[in-house]
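This briefing is meant to be read beside the sequence and the coordinates.

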Amino acid sequence: MEPFKIHILGCGSALPTLRHFSSMQVVECRGKLFMIDCGEGAQLQIRRSGLSFERLGHIFISHIHGDHCFGLIGLISTFGLLGRTATLNVHAPAELQPMLQAQLDLFFNYDIGYKVEFHPVDTTQQQVIYEDRSLTVESIPLEHRMPCCGFLFREKPTLPHIRRDMIDMYEIPISQINNIKSGLGYTLPDGTYIEHERLVTEADKPRSYAYCSDTRYMPRLHEMISGVDTLYHESTYAHDKLESAAKYCHSTAAQAAQVARDAHAGKLLLGHYSARYADENILLEEAKKVFDNSYLTNEMDIFDVK
């Protein structure tokens, strides 16, 4: 099974601390890299992580609060300095486009060496905003103080696995492998028919990852991400700050856990911590009371989606 990993580059909220960078992650799926949010210092964090700048082709911005997008122009500049030629695709609320274009015009009034293509995202709709042969990315409408959405990464189903022992036993030529993977059986030279099911094992179950930050608690959010394998949900506050969470359109750790529980998620990743917490274990303990398979995120953590 090919890697499907979440690389945590930053998990802080609007007031960065010495412990945390602002929000940013990289999703690694079937050989491709996708960035979600792009806080300050993004290029530094990517370099520290050991991830390839060249393999990063798409950046998804949830909303235009600075802790989610202030690192974008710096990363674009770094790409240019590294000699990038491939197009960089930015998927974000439409409000970001004029600001990004103004920065590009101001700082790069010469040829940067590659194209930055902007794809506006309708934050009010759950819809596919990116698709290739191996996965789709859907927007997830969220409720924040400005237009905001999350992102749902879903692998596409793969073909079943060939049973090498059966192929060797029946001396089936390599030219027939794709036909068998596609659902056909095989007829031996003596006329014996070997059923498809004997020649393969089941395909790997498609995996999924949902990123939900920033948002107030949404009682029906679980319906949009039902059955997700791994969920990242903001947990800015503990329950004692429930009133602040509602006022500033954020969530508590317990509320994040409720979403994970109701979505029947495989595991929950917590993040976007308020700077008021010197020890985020208070958030983890709160979440675990509702959804046991909960984890804190920290910079340079890597989580497998499964």
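In this predicted model, the side chains of Glu 280 and Arg 19 meet in a salt bridge, with N and O 2.8 Å apart. Glu 280 belongs to the loop between E16 and H11, whereas Arg 19 belongs to the loop between E1 and strand E2 (24-29), so the pair ties together parts that are 261 residues apart in sequence. Glu 280 has a relative accessible area of 8% and is therefore buried, while Arg 19, at 38%, is partly exposed.

**Other salt bridges**

- The count of salt bridges comes to 15, and one of them joins the side chains of Asp 304 and Lys 5, at 2.7 Å from N to O.
- Because Asp 304 lies in strand E18 (residues 302-304) and Lys 5 in strand E1 (residues 4-10), this pair ties together parts that are 299 residues apart in sequence.
- Asp 304 counts as partly exposed at 33% relative accessibility, and Lys 5 likewise counts as partly exposed, at 23%.
- Glu 155 forms a salt bridge with Arg 207, in which the closest N and O atoms are 2.7 Å apart.
- Glu 155 is in strand E9 (residues 149-155) and Arg 207 is in the loop between strand E13 (200-201) and strand E14 (208-212), which makes this a link between distant parts of the chain, 52 residues apart.
- Glu 155 counts as buried at 8% relative accessibility, and Arg 207 also counts as buried, at 8%.
- Arg 30 joins Glu 155 and Arg 207 in a network of salt bridges.

**The seven-stranded sheet**

- Seven strands form an open sheet with mixed pairing, in the order E7-E8-E9-E14-E15-E16-E17.
- Strand E7 (128-131) and strand E17 (294-296) are the edge strands, each pairing on one side only.
- Neighbouring strands of this sheet are turned against each other by 20 degrees on average, direction ignored.
- E7 and strand E8 (residues 135-141) run antiparallel and are joined by three bridges, and Val 128 has Glu 138 in E8 as its bridge partner.

**Helices packed on the sheet**

- Helix H10 (residues 253-262) packs on the sheet, where it touches strand E15 (230-234) and strand E16 (267-271), and the direction of H10 makes about 155 degrees with that of E15.
- Helix H11 (residues 281-288) packs on the sheet as well, touching E16 and E17, and the direction of H11 makes about 175 degrees with that of E17.

Key:
Residues are numbered from 1 along each chain as its sequence is written. This is a predicted model: local features need pLDDT of at least 70, side-chain atom pairs count only at pLDDT 80 or more; totals for chains, interfaces and linings use all residues. Side-chain values use heavy atoms; hydrogens and water are left out. Two strands pair if DSSP finds at least two bridges between them. Helices (H or I, at least four residues) and strands (E, at least two) are DSSP runs, numbered from the N terminus. Axes are lines fitted to C-alpha atoms, for helices over the stretch in contact, and angles run from 0 to 180 degrees between N-to-C directions. Contact means heavy atoms within 4.5 Å. A salt bridge is a side-chain nitrogen of Lys or Arg within 4 Å of a carboxyl oxygen of Asp or Glu. Buried means under 20% relative accessible area, exposed over 50%, partly exposed in between (1.4 Å probe, protein chains only).
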